[in-house]
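This report concerns the fold and the strand arrangement of one protein. The sequence and the structure are shown first.

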Amino acid sequence: MSANDERPVFAIGHMHMNVVDVGEAYAFFAKYGMRGILERPAFAILELRGGTHLILSEAETSVEPGQRAPFDLMVDDVDAVHARFVEDGVAATEIERGNIHDSFSVTGPSGYTIPFNSSHVAGVV
């Protein structure tokens, strides 16, 4: 790390999510902005901003309806992202305006509830 590098020292390398249908989950996340890296029938990898990888693995059992995803996602324009989900017919909650984040959730692959938050990044990331 150089003396001029203002980024935080650490980043999340990998997140993991078990899904019933890896192909369906991969297509969902790729459609809404993750970069596809690898797709196989029971295993896939997508990339988020900053290089974090979302690992999708085939689940042995389905998740409980409405189970929260093992992560939340931050976006620069929460209103535009929300509008896109609504336009596409994805089940989405209303945006809740907060002191730190504006937030909403969608029903995503395998029935997971995926929270989306407005970004409040400080400095260079």
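The sections below treat the protein as a whole and then turn to one of its sheets.

## Overall architecture

The structure described here is a predicted model. The protein contains 2 helices and 7 strands, and these elements follow one another along the sequence in the pattern β-α-β-β-β-β-α-β-β. The C-alpha trace spans about 45 × 35 × 20 Å along the principal axes of the protein.

Of the contacts with a separation of 6 or more, 51% are made by residues 24 or more positions apart. Among the 125 residues of the protein, 35% count as buried.

## Surface and charge

The protein exposes about 7,900 Å², and carbon and sulfur atoms supply 51% of this area. The side chains include 8 positive and 18 negative ones. The centres of these two charge sets lie 6 Å apart.

An open sheet of 3 strands has the order 5-7-6, and its pairing is mixed. Strand 5 (73-75) and strand 6 (103-107) are the edge strands, each pairing on one side only. From one strand to the next, the twist averages 30 degrees.

Strand 5 and strand 7 run parallel and are joined by 3 bridges; here Met 74 stands opposite Asn 117 of strand 7. Strand 6 and strand 7 (residues 113-118), by contrast, run antiparallel and are joined by 5 bridges.

## The hairpin and its turn

Strand 6 and strand 7 form a hairpin, with 5 residues between the two strands. Within the turn, Ser 110 has a positive phi of about 60 degrees.

How many of the 6 residues of strand 7 are buried? The number is 5, where buried means under 20% relative accessible area, and strand 7 is therefore largely enclosed by the rest of the structure.

Helix 2 (residues 78-87) lies across strand 5, strand 6 and strand 7.

Definitions and conventions:
Residues are numbered from 1 along each chain as its sequence is written. This is a predicted model: local features need pLDDT of at least 70, side-chain atom pairs count only at pLDDT 80 or more; totals for chains, interfaces and linings use all residues. Side-chain values use heavy atoms; hydrogens and water are left out. Two strands pair if DSSP finds at least two bridges between them. Helices (H or I, at least four residues) and strands (E, at least two) are DSSP runs, numbered from the N terminus. Axes are lines fitted to C-alpha atoms, for helices over the stretch in contact, and angles run from 0 to 180 degrees between N-to-C directions. Contact means heavy atoms within 4.5 Å. Buried means under 20% relative accessible area, exposed over 50%, partly exposed in between (1.4 Å probe, protein chains only). Accessible areas come from the Shrake-Rupley method with a 1.4 Å probe; for residues, only the protein chains shown count as cover. Lys and Arg count as positive and Asp and Glu as negative; His and the chain ends are not counted. The place of a charge is taken as NZ of Lys, CZ of Arg, CG of Asp or CD of Glu.
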